[in-house]
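Here are my notes for someone opening this one for the first time. Have a look at the entry below, then follow the points in order.

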Amino acid sequence: MTATSPFPAGTILGYPRIGPRRQLKKAVESFWAGTTSAAELEDTAATLRQATRERLVALGLGADDSSIPGSFSFYDQVLDTLCTVGAVPARYASLVGADGGIDLAGYFTLARGAGENLPLEMTKWFDSNYHYLVPEIGPETVFSLSSDRIVREFVEAKTAGYLTRPVIVGPVTFLLLSKASDEAPAGFSPLDRLDDLLPVYTALLQRLAEAGAEWVQLDEPALVSESIDAPRDKALTALGRAYATLGRLAARPAIFVAAPYGSLDDALPVLAGTPVDAIGLDLVRGALPQDTPGLAGKTLVAGVIDGHNIWRGDLAGALEKAERLSALSPRVAVSTSTSLLHVPHDVDDESALGDELTSWLAFADQKVGQVAAVARGLSKGREAIAAELAAASAALESRRSAPGVRDAAVRARAGALTEADFSRGDYQTRLAAQDAALGLPLLPTTTIGSFPQTGEIRRARARHLAGTLSADGYRTLMEAEIARVVALQEEIGLDVLVHGEPERNDMVQYFAEQLEGFQVTENGWVQSYGSRCTRPSILWGDVSRPRPITVDWSTYTQGLTRKPVKGMLTGPVTILAWSFVRDDQPLGDTARQVALALRDEITDLEAAGIGLVQVDEPALRELLPLKKKDHADYLDWSVGSFRLATAGVADATQIHTHLCYSEFGVVIDAIRNLDADVTSIEAVRSRMEVVADIEAGGFDHGIGPGVYDIHSPRVPSVAEITELLDRALESIPERQVWVNPDCGLKTRGYAETAESLHNMVTATRAVRARIGAGIPA
C-alpha cells in the first residue's frame, strides 16, 4: 500500500455538485440544446470543482489531507460508475469509442435515450428524493476500465494544490443496484459478475495510487438496506470477497468504505474482517455499533452530522457519539452521515427566512463547519468548542418554545380522530356510482396533471413575485394558459382533463406557501436527478390550511369544458418526503396534520362540483424504511394519512393517486390499501414489468401504467404505445386500465408533448376498437 497518511480528523462524504446558482444545471442543459460545446461544459465543471475545493478549505477542511471528497458528477454517480467500468448496454454499443469509453454526448444519451433506444431505467436512491440510473448487467457485459475521469479529476485537484479523496460507488452496491439485462437467463443476478468486476476496481485503485491518491472512498450504502432484491447471505459473502481482494492489493490508496443511510448491522463484522483501512458509520440513522472483532484496527468514521436534513441539531449529542465510538477504536474521525448532496449549499444565502428560523438551520456549508467543530472537540476537548456547543443548545431551546411549533387547535383535532375518519365505503359501490356520474369510455385517457411550464409562465411568476405584475394581471395570464391547455386536450381527444398547473412553481412548494407551519427558501436548491433541481420547503411547525388553495383554479377550468376535470393535490407522504421535515416529533404525527389540511381542500373541491380529485403520492415507496422491522409502522401511518385525506368524499367522487419511479412490487399491498379508485404509475422504462406485480397482488381498482416516458425528450410512436398497452392488458382486466403518461409534463416542451399525447390517444382508440370487435392483440 502506497498511502501512509492518517485519515483526516474531519471530512464529509460528498458535497452539492450543482453550484449555488445551479450553474451545472444551466451548463448541461445548454449543452443538450446545442448552444455550448463539450469543451465549454467541461470548463464550467472544472470551475465549479475548483470553487468547491476553495470553499471547503475556507470552511475548515484541509487542502492536503484527503478530507475533500472528489464527488462531482455531471448527471449521476451510478451512471459515472457504469461508464468507468465499461458496463454500457449492448443496445448502445455504437456510443463506445475505439478506446472503450464514451464521450459526454454518449454519457447523456444513456440517461435520456435516443431514437428508438430507451434510456436506462431510473429509480430512487435508497430513501432519499435523489434518483439514480439503473445499470443493466448480464453475462454478456464486458467490464473494463473504460473511463479515467475519476483519475483526471484527482490530478486536476492535485495540480491546483489540493489532495482530494476520489469517490466511487463500491462494487457490491453497484451490482446490487443493477438489474439483469434483457439478454440474461432466468435466475441470473448481476452480483454473479462480482469476480469479473473486481479486476476493474483493482486497475482503478492502482491508477489512483500512481497518480498520488492517498485515500479512496468506496460508497456501499446497499449494505445497510434490507430492501435490496438479493439474498442477504449472498450479499455479505460478496462484501467479504470484494474487500478481501481489494484490501490485499500491494499498491493502492488506503480504502475508506462509507455506508450511509442506516446501520451496517450484520455487514459490519464482515467488513471489519477485511483489510480495508476505514469504515464510515451513519450514526444519525443508525445506532452505535457493539464491540466487533477487527474494529480496533480500523479508523472509524463517525457520521454524526445529519447529511439528509437541514436542522442545526444537537452538537453536544454528536460529539458524545464520536467520543463513545472511541471505545471501539483508537482512531476515530468525524463526518457527515451521508453525502451533502441532499441539502442546499448555504443558509447564509437566504434573506427571507427570518433570524429565528435561520438560527435553527444548517445547510451544506454550515454542516461542514459543524464537522470541523466536532472534530476539534474530539481532539482537544469540549472546552475547545464551548461557544459552538452553547449556540447549538440555544437554537434547540428556541425551536422548542417558538410560537407555531405547537398549535393547540391542530393537535386537538388530530387527537379526536376515530377509525371512521380513515375509511370510505365499499369499492364496488363507489365504482358503480362513479360510472354513472362520469360516463367514461373503456381505457379512459388522461394525463398526470402538469403541462409544460413555458418561459413565459416562469417570467410571469417572477414578475408577480417581484411586484411588477399585479395579482389580477398574473391571474389573467394563468387563466389564458389554462384555456390553452384545455383546448389542446380537447383537440387531442383526452377523456379526463387537467388544468395544467401553470400557477404552480413546484408540486410541494406551491402548497407549502399556503399552509401554516411551512417556510420556503430562495436558493435552497438540491439535485433530484440529472439537471432536475428542487427547492424543498421547510416544515417547521404544526400544519393547518387557513383558506382554500386550488378550488378557484379547478372550478375555472371545469367551466371551460363539458369533460370532467381532475382537481390536483399533492399527498401528505410526498409533501413530507419532498420537504425538510421537523425532527422533533414522529413523522406519522406530522403526516396526519398535513392530511387534515388536504381533507379540507378535497371537501371544498367536491362541494364546488369537481368530481375527480387526484392526490399524488409518488414518494410512498421512497420513504419506506431500509430496515424491515420498521416497515409495518411506516406503512400504517403513511397509508393512514392518505386515507385520512381522502375518506371524507361521497361514493360518486373519484379519488386518483399517482406514483412514479419506484419498485412497486415492494409496496403493492400498501398501494391497494390506499383505497384510491384509480392509481397511475410509472411503467415505460421498466417495459411494463410492474404489471406482473399488479396481477400477482390481485389488485382490482383502476390502474394506469404509464405509456409515455416524460423524463426523456423522445416522442413515443403509436406502435410503441400500442405494444405497451397490449402488455398491460395481458395481465390486467380491461375494465381497470387507464391510459396516461408516466408522470407530469412540466419539464417537456409543447411540441413533443402534443405529438406524444396524440400518439397516445390514437393508440388507445385503436386498441378500444380492436377490443370492441373481439380481435386479439
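1. Start with S717, which counts as partly exposed because its relative accessibility is 28%; buried means under 20% relative accessible area, exposed over 50%, and partly exposed in between, with a 1.4 Å probe and protein chains only. S717 sits in the loop between β21 (702–705) and α25 (718–731). Helices (H or I, at least four residues) and strands (E, at least two) are DSSP runs, numbered from the N terminus. From S717 to E156 is 561 residues in sequence, and 45 Å in space, C-alpha to C-alpha.

2. A word on where this comes from: it's a predicted model, where local features need pLDDT of at least 70, side-chain atom pairs count only at pLDDT 80 or more, and totals for chains, interfaces and linings use all residues. Residues are numbered from 1 along each chain as its sequence is written, and side-chain values use heavy atoms, with hydrogens and water left out.

3. Next, T447, in the loop between α15 (427–438) and α16 (455–466). Is T447 buried or exposed? It is buried, with a relative accessible area of 0%.

4. Now the loop between β8 (254–259) and α9 (267–272), where you'll find Y261. D265 is in the loop between β8 and α9 too. Most residues other than glycine have a negative phi. Y261, not a glycine, has a positive phi of about 85°, and D265 has a positive phi near 50°. Y261 is buried at 6% relative accessibility, whereas D265 is partly exposed at 43%.

5. Helix α7 (residues 194–211) has 18 residues and spans 26 Å from first C-alpha to last, close to the 26 Å expected, taken as 1.5 Å times one less than the number of residues. Its buried residues include L194, L197, L198, Y201, L204, L205 and L208. G212 follows α7, with a positive phi near 105°.

6. Finally, a helix pair. The axes (lines fitted to C-alpha atoms over the stretch in contact, with angles from 0 to 180 degrees between N-to-C directions) of α3 (residues 77–84) and α4 (residues 104–112) come within 11 Å and cross at roughly 125°. That makes α3 oblique to α4: under 35 degrees is roughly parallel, over 145 roughly antiparallel, 65 to 115 roughly perpendicular, and the rest oblique. L79, D80, L82 and C83 in α3 meet Y107, L110 and A111 in α4.

Key
Contact means heavy atoms within 4.5 Å.
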